[in-house]
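Subject: Handover of a two-chain model

Dear colleague,

Please find the structure below, together with its sequence. My notes on what was found in it follow.

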Amino acid sequence: MQFFFEVAVSGLLSGLMYSLVALGFVLIYKASGVFNFAQGAMVYFAALAVVGLMDKGFPLWAAILGAFVVMIMVGMATERLVLRRLVNQPPITLFMATIGLAFFLEGLGPLLFGSAVRAIDLGIVDEPIMAIMDSIGIGISKFDLFASGMVIVLVALLALFFQKTKVGRALRAVADDHQAALSLGIPLQHIWAVVWGVAGFVALVAGLLWGSRNGVQFALTMTALKALPVLILGGFTSIPGAIVGGLIIGVSEKLAEIYLPPVLQDLFGGNFGGIEGWFPYVFALLFLLVRPEGLFGERHIDRV
Amino acid sequence: MFYREAGQFKTSYLADSQIFPIRQDRIGMLLLLALAFVVIPALGSEYWFSAILIPFLVFALAALGLNILTGYAGQLSLGSAAFMAVGAYAAYNFQLRIPGMPILLSFMLAGCCAAAVGVLFGLPSLRIKGFYLAVATLAAQFFVVWVLTKFAWFSNDNSSGVISTQKMAFCGIDINTPVRKYLFVLGIVCIMALLAKNLVRSSTGRAWMAVRDMDVAAEVIGIDLMRTKLQAFAVSSFFCGVAGALYAFCYLGSVEPDGFALDLSFRILFMIIIGGVGSILGAFLGSAFILLLPIFLDHVLPALAALLHLPFTNAAVSHIQLMLFGALIIFFLIVEPLGLARLWQIGKEKLRLWPFPH
């Protein structure tokens, strides 16, 4: 049982990371109805920008600030050069455009900031805290606590932003219907620029946390793909959904990785590691069959 | 001037429903086929066959498959490489376990296996669409590759899942030289392209397009959504499966499951975006473009770098390639969402009016 909880906790923590990426997806989807496949690439790009600037001799805080500016610029450029020209196109077209964007960023990042694998040192130790270890016997590091704290703060800020500010309300209006929002006098372009900037900021936070834990490397973009099943589970439009979905995916994939291979081995023989590579997707797929709109998503009604 | 259809009258329904109703098109197609079947085998070098022409045809076939699903039936798929993998491994196993099985038959059966897997992963498409479906097909992508890596039976107990394809013979002729392989692939691709062309012009294809344009409306006018979508998945996966078998048998000779990773799926998706979504010709144009672009860049970029005195490493070239791919995708989606095929069509329209446009 002890072991089970240990696995579950480590799953929760990696799930938190997925949540962060999923959060960026949800933000953009809510505001512009675009499914931003490039969110993972943005995380990679942001992390690269930080390490790249640090390589140039900037201190950590300056590098983070610089990366923030870079991400805002990337977001605004995306809005201006890509989205503005694709207004009123079908969602699938926009989706494919973001795949193009993802490739562009994956090429541009290493070109500007170097492609060697580096780690971001945030100055927070990634070792189990002894007090917790002693009392309940599960290893939780200061870094984990820090990451969880970051996510909570981020979500609280975003929730406030979406629910209480004028820009947030405009964002939700745009999400509902581009044309209706336009005709109400909401400046679509500004709103999009804002939301891409915010998504860039979330990507930066995710990039920092991921980069300091796993190092900044190309594999980051693959791991970021796991945010997709998270979204399916949580629903595309729900910020709490992204968090809960992330945690569920994180825990379930870790548990599957530990507990499924022995079962398979008994049945077929051989070595069956690497289940976490596909488990989230298949899990999400099965979930879709039961509840297509996700845990917290809005039920969609089709009209002809 | 050259492209004048005046005076060509269609006097029967049969004439009206031909694939190439205009005489110039028919002549052009015949010339193209003659070029592909006669001239190129006589002139081409070994490098051209094995590094450019065979992969071009194989990828065109895969793109054709994806185009049926995404371009005609409107179901976005990010798992085409997985279906190719199923085809490749199925063909290998048919050859391995049933000695003396004709190669064409095993390719066909491999395609059927891929179709079955495609239908399985297409089942969720009945309840979901758009991005949700994209994620469902990602599940296929990762799951299939994992299964092929971990279950050693598929690769005849090779620990890393690598298969080396068997020798091929067709009607008693060994298919062992690049030229023969090229002709073999060309034959299959031509037949399947014809099949696809006729399929999308038939009631099946029209049902796909109706579902693509608006599935609820399609259902209202009496199209069975379930059958139509699963049909699209089956046919598309069949094409991808055969392409995968050809990829393994005629192009690479030995493949591993990781060779069918997500990257390959994306490449095929890019082919249809750049070539033209919802166009048979587009699959070929896109395949040629995506295949030739890296070769072109490999030659041009270092020269360009030398000219500008920029220190370009190999890594930088590959990064620039990624960027260019991405930028091109966005460019095409913005400027010409229907891709190269549409440009070709516009060119033809221009030629029809050529010396005297409006």
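A nonpolar core, as the term is used here, is a set of buried Ala, Val, Leu, Ile, Met, Phe, Trp, Tyr and Cys residues joined through C-beta atoms within 7 Å. A residue counts as buried if 20 or more other C-beta atoms lie within 10 Å of its own, as exposed if 12 or fewer do, and as partly exposed in between, with C-beta atoms placed from the backbone. Two residues are in contact if their C-beta atoms, placed in that way, lie within 7 Å.

This is a predicted model, in which local features need pLDDT of at least 70 and side-chain atom pairs count only at pLDDT 80 or more, while totals for chains, interfaces and linings use all residues. Residues are numbered from 1 along each chain as its sequence is written, and chains are lettered from A and ligands numbered from 1 in the order in which they are written.

Confidence

The predictor assigns the complex an ipTM of 0.81 and a pTM of 0.87. The pLDDT is the predictor's confidence in each residue, from 0 to 100. Its average is 81 in chain A, where 91% of the residues score at least 70. In chain B the average is 86, and 98% of the residues score at least 70. Within chain A, helix 5 (residues 130–136) has the lowest confidence, with a mean of 65, and helix 2 (residues 39–55) the highest, at 89. Where pLDDT is low, the predicted coordinates should not be read in detail.

The two chains

Helices (H or I, at least four residues) and strands (E, at least two) are DSSP runs, numbered from the N terminus. Chain A has 13 helices and 0 strands. Its radius of gyration, taken over C-alpha atoms, is 20 Å; this is close to the 19 Å that the globule rule gives for 304 residues, so chain A is as compact as a globular protein of that length. The globule rule is 2.2 Å times the number of residues to the power 0.38. The C-alpha atoms of chain A fill a box of roughly 60 × 55 × 35 Å along the principal axes, and 47% of its 304 residues are buried.

Chain B has 14 helices and 4 strands. For this chain the radius of gyration is 21 Å, close to the 21 Å given by the globule rule for 358 residues, so chain B is as compact as a globular protein of that length. Its C-alpha atoms fill a box of roughly 65 × 65 × 45 Å, taken along the principal axes. Of the 358 residues, 44% count as buried.

Where the chains meet

In all, 40 residues of chain A are in contact with 36 residues of chain B. On the side of chain A that touches chain B, helix 4 (91–113), helix 11 (227–234) and helix 13 (279–290) each supply at least two residues. The largest share, 17 residues, comes from helix 4 of chain A. By type, the residues on that side of chain A are 30 nonpolar, 7 polar and 3 charged. Here Ala, Val, Leu, Ile, Met, Phe, Trp, Tyr, Cys and Pro count as nonpolar, Asp, Glu, Lys and Arg as charged, and the others, Gly among them, as polar.

The core

The largest nonpolar core has 213 residues, and those with the most contacts inside it are A47(A), V50(A), L61(B), A139(B) and L246(B). Helix 9 (residues 188–214) of chain A gives the largest share of this core, 17 residues. Leaving aside neighbours within four places in sequence, A47(A) is in contact with residues including I120(A), L208(A), W210(A) and L220(A).

I64(A) lies in helix 3 (residues 60–81) of chain A. I64(A) is buried, with 22 other C-beta atoms within 10 Å. Beyond its neighbours within four places in sequence, I64(A) is in contact with V50(A) and L208(A).

The 31 residues of helix 1 (residues 2–32) of chain A should span 45 Å at 1.5 Å a residue, and the end C-alpha atoms are 45 Å apart, which agrees. The expected span is 1.5 Å times one less than the number of residues. After helix 1 of chain A comes G33(A), whose phi is positive, near 65°.

Helix 6 (residues 142–164) of chain A has buried residues D144(A), A147(A), V151(A) and L158(A). These buried residues pack against helix 1, helix 9 and helix 12 (239–268) of chain A.

With kind regards
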